[in-house]
Amino acid sequence: MELLWWAGCPSTDRALSELRAALQDAGISNADIRMTEIRSEEEAQGRAFVGSPTILVDGEDVAPPSEEPVGLTCRVYRRPEGTVSPTPGPETLREALRRARERTTHEEVTR
Amino acid sequence: MTIAIGQQAAHFQLPDTEGESHSPDGNPATVVVFTCNHCPYALAWHDRIMEAARDYYGRGVRFLVINSNDADRYPRDSLEAMKRRVTQEQWPVPYLHDSSQEVASAYGAKTTPDIFVLDAERRLRYRGAPDSDYGDPSQNAAWLRGALDAVLEGRAPEPAETKPVGCSIKWKA
């Protein structure tokens with residue numbers, strides 16, 4: 001698990017707290033969350049960073065961006081109920097964790 | 001520079017998306033809102049601020065919404081992008097372009113959004129966030145509305161100051 005963040009955006013703590021809550025709800029107690037600060041436009045380009053916070057589960061964005069430009073900015077998330085939010089929110093995180101668990105199970109079955 | 005509550009705010013003249021100039025003069029209350037096109041906090045609060053502008057228009061309150069971000073580094077804050085928003089979203093208020101960032105600097109604006117409520121003498125009566133939770137539309141810009149009610153009734157807003165919450169203003173290098 002990796003949380004990419006930029007200091008110009010104040011939503012990192014909230015995103016981390018929501019991620020921890022989602023992990024707890026999913027019964028995942030041993031997840032390692034790597035915090036990666038994006039400090040420059042060059043780093044943003046290198047990580048295809050479309051805004052802070054960006055949360056990756058097994059390398060996959062929990063809310064894959066469509067046509068968001070890469071750069072140092074605060075990320076806009078659209079919640080299922082239609083509101084705008086600076087963090088992905090519990091439903092999106094739960095769904096991303098469910099997808100990750102399915103991938104793991106599938107890999108174990110096909111191994 | 002930051003303006004203290006009770007202090008007179010700087011006069012300014014800025015063009016809107018159609019090129020018409022606007023200044024914070026001649027109204028019993030003026031709301032100066034620093035915002036932008038891509039910040040999730042500004043977008044989350046946007047409808048509540050526009051609704052307040054509509055509701056208080058009849059009481060002589062003027063809203064001046066300003067974008068001061070560096071559009072070279074953040075093209076989504078360009079004048080063209082501002083024009084598109086005003087048209088597509090049918091804004092009831094002018095969207096002003098502070099390309100030199102002088103107004104944001106004079107007001108000490110820190111975030112988008114950052115709200116300054118001025119009285120008829122242009123004295124600062126409220127500064128901060130629209131309400132206590134960007135994620136809860138039912139808050140309905142309560143701090144902003146409370147400040148406007150107070151100013152229109154000649155009272156001191158309570159609270160007079162809250163912490164502005166949002167993305168940092170994108171200053172030019």
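The contact between the chains takes 12 residues from chain A and 11 residues from chain B; two residues count as in contact if their C-beta atoms, placed from the backbone, lie within 7 Å. This is a predicted model, where local features need pLDDT of at least 70, side-chain atom pairs count only at pLDDT 80 or more, and totals for chains, interfaces and linings use all residues. Residues are numbered from 1 along each chain as its sequence is written, and chains are lettered from A in the order in which they are written.

On the side of chain B that touches chain A, helix 1 of chain B gives the largest share, 4 residues. Helices here are DSSP runs of H or I with at least four residues, strands are runs of E with at least two, and both are numbered from the N terminus.

The largest nonpolar core has 57 residues, and V33(B), I66(B) and V117(B) have the most contacts inside it. Such a core is a set of buried Ala, Val, Leu, Ile, Met, Phe, Trp, Tyr and Cys residues joined through C-beta atoms within 7 Å; buried means that 20 or more other C-beta atoms lie within 10 Å of the residue's own. Helix 1 of chain B, residues 40–57, gives the most to this core, with 9 residues.

Last, helix 4 of chain B, residues 142–152. Its buried residues are W143(B), L144(B), A147(B), L148(B) and V151(B).

Note on methods
Buried ≥ 20, exposed ≤ 12 C-beta atoms within 10 Å, placed from the backbone.
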